[in-house]
Structure formats: structure tokens, C-alpha cells
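Here are a few exercises to work through with the model open beside you. Try each task before reading its solution.

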Amino acid sequence: MDANALSVIRVRRPAAAAPQGRWSVEAVQELLDLPFDELMFRAQTVHRAHWPARDIELATLLSVKTGGCPENCGYCPQSAEFDTGVKAQKLMSVEEVTRAAQAAKDAGATRFCMGAAWRAPKDRDIEKVAELIQAVKGLGMQSCATLGMLESHQAQALREAGLDYYNHNLDTAPEYYGDVVDTRSYQDRLDTLAHVRAAGIRVCCGGIVGMGEAPVHRAGLLAQLANLDPYPESVPINSLVRVPGTPLADSEPIDPLDFVRVIAVARILMPQARVRLSAGRQQLGEPVQALCFLAGANSIFYGDKLLVTGNPDADADRRLLDKLGYGTRQVQVTQHEHGAHA
Ligand code: SAM
Ligand code: DTB
Ligand code: SF4
């Protein structure tokens, strides 16, 4: 057992105090390689020291601007370069988005995340998204947006509109990034994250596993996330949804227990972050999801659809949480509204 691994359960620092470069890729790899029981014990210990037990955040996603994206992210069904059957659409109206957010709230979601298939929004797009943010905030929900690369003044405008979180994923290790997308760089992603942070918006930043990456790339991604200063408040861990027509459609799926390990290490490295068990839950099944919660995941995407691909339906998720004894205390189902936007 190594000293780094032993030290991790003592981590109690506030996110804002995370020193740069604290985690080496090697130390993270050692955590990923721990015996499964040891890793789960450590992750659960860190989790219980920082979070209430059984507190699973429900965040609903909506694709407010779908398809036709000029980037070539190899995993993404919304790139215009790939033939995936996703049709490009215009930005949704305030009324449509408000209806969807209200339905999500009625079904028990507390956070509403709006995704747009842009490389980078124009200033006039930001003005329109600001109205969407205000509508979501008006319902008393937390707002999140993921719109691509931002300039500093755009991040500030989103903050002024009331945006709580900005999602911008690093996706994988820097060394593997060029194999996945070559229309933008890792540094572009880091620059946007810095603008978001400087504007006072909370950062939602994670990645995808199951893209054919080597284990060291998973360690590299986790080290990058944990070494952001401060580390993100919210960390979505996606398992690749393999969409026919995308370059990564035939990737070897990740071993489910390795996926659980990634969640556990994210929890250990970033004790105060909401670790979100994100895309790919349909493929994981209930027992693996239960292990992910045990490993420290405390948030899910909730609702029948992610952006353009499927997600377990809300009824199934409520059943799962009930089955696990987590209850759905925040959930007041309004049956006729739930799923109306899916
Ligand atoms: N266009 C913006 C961007 O790329 O930053 C925002 C939308 S983009 C769809 C948001 C995130 O979804 C990506 O960064 C990626 O991590 C995730 N994602 C996209 N396609 C995925 C897939 N097939 N499986 C898992 N995650 C995926
Ligand atoms: C994140 O990390 N995962 C979400 C959200 N942030 C925007 C997106 C998942 C997309 C899955 C494939 C799709 O439906 O487009
Ligand atoms: Fe475009 Fe975002 Fe999809 Fe990349 S992940 S192709 S930037 S929508």
C-alpha cells in the first residue's frame, strides 16, 4: 500500500484551497489499481466525511440547440461531420424551455442543464441563452449550461443572467485528446474553464471513459480534474454512449467494475464535488449503478433523455432509488407532465 493512497482519506481541504499539481498521474493510477474492497472502503469513507448519505442530486438535461456542430468530437452524435441521423435544429424558445424545466421540477429535479451543439456561441446566442437561464431561475431551479468555448465577457454575461454552473468537460487525458477530437485543443478547454471560474460561475467538468483509452489516460483525466485549482464543484463521469455513425461507435466498452473504480477515485480526489454518474447508465444496469453510488456518486441525470440519446426513464430511476432505500424525498411526481418534453 503506498503513502499517497493512504493519505487520501485524510483529505479535508475546502475546494478553494486545492494546491496546483497535487496529484501525479502515478498516484492516481495507484488508487485505480487498489484491491476493489480497499478502494470502495476508502471512497465510502471520504464520501461519508463530506456528504450526507443517500443524497442523490437529480439533474435534468435538455438539448436546447441540437445538431449541426462544426466540431469533430469522435464520440458525439451532434457533429455535422458524422452521419448519425441527428437533424440540426434551431435554438428552442423561452416558452418551450420553461415548459420542459417546469416538467423536470415537477418530477423532482433540482438542477436543469441546457446543452447546445455549438463550437462557441456568438454574443447574440449568449443574449438568448441569458433569457433561458432567467426562465429556469424563475422556477427556483439551479441552472447549468454547456454551450462550447466561451470568451471572458460571455462568461460574465452568463453569470449576470444568474447561471449557477457551466459544464465544460476535459473528456480525457491531454495525451489522448488529439485521438478523439482535432478541431480544438486541450488548452482551449482549460481557457474556457478559467473564464468560467473567473466570472464566478461554479464549474461542472468531467469526462468520458470507454473511448478506447488506456488505463493511464483515465488516471490522467482524473489527475487533471483534481488539479484544477480549485477542483470543479461538479464532476460528471460519462460512460461512452456508442452512437452508430460516430468514429468511436465500435470502441471496446469499459469493464463495468473499472467504471466503478473511476467513480471511486473521483470521489477520493475531489471530496467536496458532486460526482455525477452521467451518460451510459442504460448500459450499466442497476447493480453497477448501485456500486457507483457506494463508490461515492451522488448525482444523476434524471429524465428519459440525455441530449439526443436515451437515459433510464424517470419511473425506473425512482424505482431504483427506492429499491436501494434512498427514497425519493424530493420527488413529487406529476405524472401527466413528466416526460412531456422527451
Ligand atoms: N458543445 C458543447 C461542448 O462540447 O462543450 C456542449 C455539449 S456536449 C454534447 C457536452 C458533453 O457531452 C461533451 O463534452 C461530452 O463529454 C459529452 N458527450 C457527448 N457525446 C457523448 C457520448 N456519446 N457519450 C458520453 N458522453 C458524451
Ligand atoms: C455531461 O458530462 N454529459 C452530458 C452533459 N454533460 C451535457 C451529455 C451526455 C451526452 C450523451 C450523448 C447525447 O445524448 O448526446
Ligand atoms: Fe459539438 Fe459539443 Fe458534440 Fe463536440 S461534443 S461535436 S463541440 S456538440
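Predicted model: local features only at pLDDT ≥ 70, side-chain atom pairs only at ≥ 80, totals over all residues.

*Solution.* Start with the secondary structure: the chain has twelve helices and nine strands. Next comes burial, and 58% of the 342 residues count as buried. Then look at contacts between residues at least 6 apart in sequence: 75% of them join residues at least 24 apart.

**Exercise 1.** Work out which parts of the chain the salt bridge between arginine 276 and glutamate 57 ties together.

*Solution.* First check the pair: the side chains meet at 3.2 Å, N to O. Now place the partners. Arginine 276 sits in strand β8 and glutamate 57 in strand β1, so the bridge ties together parts 219 residues apart in sequence. Both residues are buried. Finally, follow the shared partners: Glu57, Arg111 and Arg276 are joined into one salt-bridge network.

**Exercise 2.** Lysine 137 forms a salt bridge with aspartate 164. Is aspartate 164 buried or exposed?

*Solution.* The closest N and O atoms are 2.7 Å apart. Lysine 137 belongs to helix α5, while aspartate 164 is in the loop between α6 and β4, so parts 27 residues apart in sequence get tied together. For burial, the cut-off is under 20% relative accessible area. Aspartate 164 has 9%, so aspartate 164 is buried. Lysine 137, at 32%, is partly exposed.

**Exercise 3.** Which residues gather in a patch of negative charge on the surface?

*Solution.* The patch brings together Asp123, Glu127, Glu131 and Glu151. Take aspartate 123: its place is in helix α5, residues 123-138. With a relative accessible area of 41%, aspartate 123 is partly exposed.

Methods
Residues numbered from 1 in each chain as written. Chains lettered and ligands numbered in written order. Heavy atoms only, no water. Patch = residues over 30% accessible without salt bridge, like charges linked within 9 Å, V, L, I, M, F, W, Y side chains within 5 Å. Areas by Shrake-Rupley, 256 points an atom, 1.4 Å probe, with all protein chains shown as cover. Salt bridge = Lys/Arg side-chain N within 4 Å of Asp/Glu carboxyl O. Lys, Arg positive; Asp, Glu negative; His and termini not counted. Charge placed at Lys NZ, Arg CZ, Asp CG, Glu CD. Helix = DSSP H or I, 4+ residues; strand = E, 2+ residues; numbered from the N terminus. Buried < 20%, exposed > 50% of the residue type's maximum accessible area, 1.4 Å probe, protein only. Contact = heavy atoms within 4.5 Å.
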